[in-house]
Amino acid sequence: MTQEHMTTSRMPIARTLLTLALALTLATGCGKKKSGVDPNSLGPVEPPTTASVQPTATITADPVLIDLGQSVVLNWRTTNATVVTIDGIGQVNVNGTQTVSPANSTNFHLTAKSDSGALVEANVRVTVRVPVAPVAPSDATNGGGGGDMGTDAAFHAAVQDVFYDYDSYELRPDGQTSVAQAAAYMVAHPGVRVVIGGYCDERGSAEYNLALGENRANSARTALINAGVAPARVRVISYGKEKQFCTEANEACWQENRRAQFSLDR
Amino acid sequence: MSRKTALLRAMVTGFVALAVICLTPAARAQDFTGTIVGSGSQIRIAVADFKPGSGDAGSLKRAFDTTLYSDLGNAGIFDLVSKSLAPTSTPGVPAEISLGQWSIAPVNAAMVAFGNLGVSGGKVQVNGFLFDAKNTQYPQVLAKQYQEEASEDSARQIAHRFADEIIFRLGGGTAGIAESKIYFVKLTGANKEIWEMDYDGANQHPITHLGTISISPRISPDSSRLAFVSLGKEGFQVKVYSMLLGRVVNFPSTGGSNSPAWAPDGKSIAFASSRSGDPEIWVSDANGNLARRITNFKGPDSSPVFNPRTGSQIAWISGRTGLPQLYIMDSDGSTVQRLTDGGYVSSPSWSPNGQFVAFAWDRKYGPGAPGGRDIYVMEISSKKWIQLTHDSGLCDFPSWSPDGRHIVYTNGPNDRASSSRIFTMLADGTQKHALTGPGADMPNWSWK
């Protein structure tokens with residue numbers, strides 16, 4: 001691939017040199033060899049000129065196959081290039097690495113350009129596995145209703161929400177107890193999937209609380225996974241301060257709102 | 001106090017100022033040293049009510065006169081002659097004005113804006129003039145003609161355009177903001193939608209109709225796209241609404257995301273995303289592809305904003321050491337610098353000239369502490385800050401106007417969107433006034 005580009009781009013240069021040499025010969029009136037220029041005599045001129053300007057480039061990705069959300073390290077090396085660009089990233093150093101996390105399978109296309117304008121390209125494809133939504137167990141086989149997820153009532157009777165201290169996402173001892181109950185229930189009911197909602201009290205920044213809610217829900221999720229629940233069974237959603245359980249402005253109410261709530265993920 | 005006001009006015013009107021002021025001497029005193037280049041002191045300008053031309057100008061002329069007068073007052077660079085001092089004559093064309101009446105006491109105007117407005121054939125036509133009252137030989141500075149469909153909204157928009165011409169001409173070459181827009185969150189029942197209004201609070205109308213909770217609007221630098229976050233089945237995700245197509249366009253959703261921010265070239269978007277399991281700041285292209293993580297530290301990160309002048313730095317809020325603090329870094333994630341030393345910081349907004357960051361700060365935040373949250377401005381190079389709001393409840397979401405002379409923000413008695421209103425002020429903290437009623441939140445001023 002790269003070699004092909006090199007030969008095709010070298011051709012016009014060779015032709016130019018040839019024409020130039022011919023013109024020079026005629027102009028200086030050195031008529032002895034005007035019947036033809038021996039191409040071999042031009043040979044030595046050509047390699048140093050072109051070899052010094054022809055860039056080379058390689059790009060690799062590690063790994064080339066990822067799941068959605070994972071990262072890939074791009075690694076590229078070029079020689080004789082002054083301007084190196086990667087589509088979608090822009091101009092980059094002539095040699096370098098970059099961590100990217102594409103949302104879709106992507107061709108990373110690198111273009112290296114030398115001072116003289118000679119171009120060379122390199123490509124690497126990163127394949128992104130997008131998880132296929134699990135097919136819900138059909139209601140027909142489970143006689144409708146809750147299926148093997150069980151009922152909300154049974155779930156909430158066995159699993160308590162986790163509550164957090166002010167501006168914190170650390171699990172307190174009572175939170176660890178709640179997570180242990182939830183983990184036990186999920187181990188006993190392998191068909192159950194849960195979504196953990198992260199919530200914050202009404203004080204403070206709406207944007208920051210969305211991030212804090214992510215941390216709260218994820219701290220409960222991590223504890224569930226550490227207790228043996230498969231990661232694919234637990235999803236998180238942060239509601240920040242956008243959904244309140246209790247709307248009075250006092251500490252009892254704020255405590256109610258600082259929580260990670262377990263719900264069946266139907 | 002008076003020295004402080006003077007310096008702040010200098011900052012707004014653009015003075016060559018090198019001054020030191022002490023703020024809140026009882027608390028932690030901070031010195032703010034500003035060197036800002038610009039023009040001289042405030043120009044005294046008079047605005048004559050426009051002369052009704054042919055046709056029934058009535059309500060359109062009232063809308064025009066009111067808007068032009070308030071635009072020039074809002075600009076913050078004029079000493080506006082009270083209408084009660086103006087001569088009773090109403091010049092409609094240059095031949096009708098007697099400049100002597102305007103240049104002497106008590107008017108003492110240096111500049112006079114006047115003209116005529118007429119309606120005919122369903123069109124409103126406006127001729128506007130700006131005269132130098134002290135130059136009797138060649139007084140004309142500006143002459144402008146406008147024609148639009150006859151409506152009160154058109155009359156207001158024409159007034160905005162004429163005001164911007166005057167401000168551009170007399171304000172040291174900085175474009176006026178009378179044609180700029182403010183995007184905001186409007187509480188509608190249990191939902192929140194993104195709305196748009198003129199910079200003076202007029203013409204409030206919805207942009208989105210998604211029937212869910214949509215927050216954090218950020219308009220693109222060319223005003224063609226509006227980024228925001230919206231609650232869906234997978235939680236909050238970044239959405240992009242095309243102002244040209246009038247609909248939401250594709251943007252990949254991966255993990256909970258919030259607080260998008262446009263790079264000044266409009267080619268990339270920074271946002272907070274938890275796709276790696278912890279909220280971090282990511283940067284993608286304008287279509288959400290090629291996302292790369294630029295922070296990596298446990299704890300909440302949110303509210304990134306690019307340096308609008310260079311695009312090469314990002315300010316954001318991080319809780320990596322506990323309560324959220326203001327940080328800046330290069331836009332590749334290097335050279336992290338913490339700018340605040342305590343309290344609870346939120347909602348940074350970078351000034352158009354790249355020199356200042358405005359943010360909300362509760363310096364005495366804590367359980368049981370009644371500290372108020374106020375708007376502050378910090379000069380990045382010196383880390384000196386000034387406080388712009390005082391004892392007025394909770395303020396948040398400052399956003400700079402395109403000319404860097406104004407800041408829009410929210411204010412309410414508590415932290416609930418139902419009670420918060422959008423206010424505007426000059427960047428020295430003066431001329432505060434409400435633009436909306438309760439139920440409006442998270443204002444974002446357009447880039448131009």
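Predicted model: local features only at pLDDT ≥ 70, side-chain atom pairs only at ≥ 80, totals over all residues.

**Pockets, helix packing and backbone**

Modeller: The crossing of α6(A) and α7(A) is right-handed, and the residues of their contact comprise seven nonpolar, no polar and no charged. Helix α6 of chain A covers residues 173–188 and helix α7 of chain A covers residues 206–226, and the two pack with their axes 9 Å apart at an angle of about 50°. That angle makes α6(A) oblique to α7(A). On the α6(A) side the contact is formed by A:Val179, A:Ala182, A:Ala183 and A:Met186, which meet A:Ala220, A:Ala223 and A:Leu224 in α7(A).

The largest pocket has a volume of about 1400 Å³. Its lining consists of 41 residues, and those that lie nearest its centre are A:Pro131, A:Val234, A:Arg235, B:Glu234 and B:Gly255. By residue class, the lining of the largest pocket divides into 15 nonpolar, 13 polar and 13 charged.

The second largest pocket holds about 630 Å³ of space. It is lined by 28 residues, and the closest to its centre are A:Ile89, B:Ser268, B:Val283, B:Arg292 and B:Ser331. The elements that give two or more residues to the lining of this second largest pocket are β5 (90–92) and β6 (96–100) of chain A together with β18 (280–285) and β19 (292–293) of chain B. The lining of the second largest pocket is made up of eight nonpolar, 13 polar and seven charged residues.

A further helix pair is found in chain B, where the axes of helix α2 (residues 58–74) and helix α4 (residues 152–170) come within 8 Å and cross at roughly 30°. Angles under 35 degrees count as roughly parallel, and α2(B) and α4(B) are therefore roughly parallel to each other. Their crossing is right-handed. The residues of α2(B) in this contact are B:Ser59, B:Leu60, B:Ala63, B:Phe64, B:Thr67, B:Leu68, B:Asp71 and B:Leu72, while those of α4(B) include B:Glu152, B:Arg156, B:His160, B:Phe162 and B:Ile166. Sorted by class, the residues of the contact of α2(B) with α4(B) divide into twelve nonpolar, three polar and three charged.

In chain A, the peptide bond from A:Asp62 to A:Pro63 is cis, with omega near -10°, and A:Pro63 is placed in the loop between β1 (56–62) and β2 (65–67) of chain A. In chain B, a cis peptide bond joins B:Ala105 and B:Pro106, with omega about 0°, and B:Pro106 lies in the loop between α3 (99–103) and β6 (111–120) of chain B. Finally, B:Ser303 has a positive phi of about 55° although it is not a glycine, and B:Ser303 is found in strand β20 (residues 301–306) of chain B.

Conventions:
Residues numbered from 1 in each chain as written. Chains lettered and ligands numbered in written order. Heavy atoms only, no water. Axes fitted to C-alpha atoms, helices over the stretch in contact; angles between N-to-C directions. Helix = DSSP H or I, 4+ residues; strand = E, 2+ residues; numbered from the N terminus. Parallel < 35°, antiparallel > 145°, perpendicular 65-115°, else oblique. Left-handed = near helix turned anticlockwise from the far one by under 90°. Contact = heavy atoms within 4.5 Å. Nonpolar A, V, L, I, M, F, W, Y, C, P; charged D, E, K, R; others polar. 1 Å grid on protein atoms, 1.4 Å probe; cavity = no way out; pocket = protein on both sides within 12 Å on 5 of 7 lines; lining within 4 Å. Points joined across faces, edges and corners; volume = space filled by probe spheres on them.
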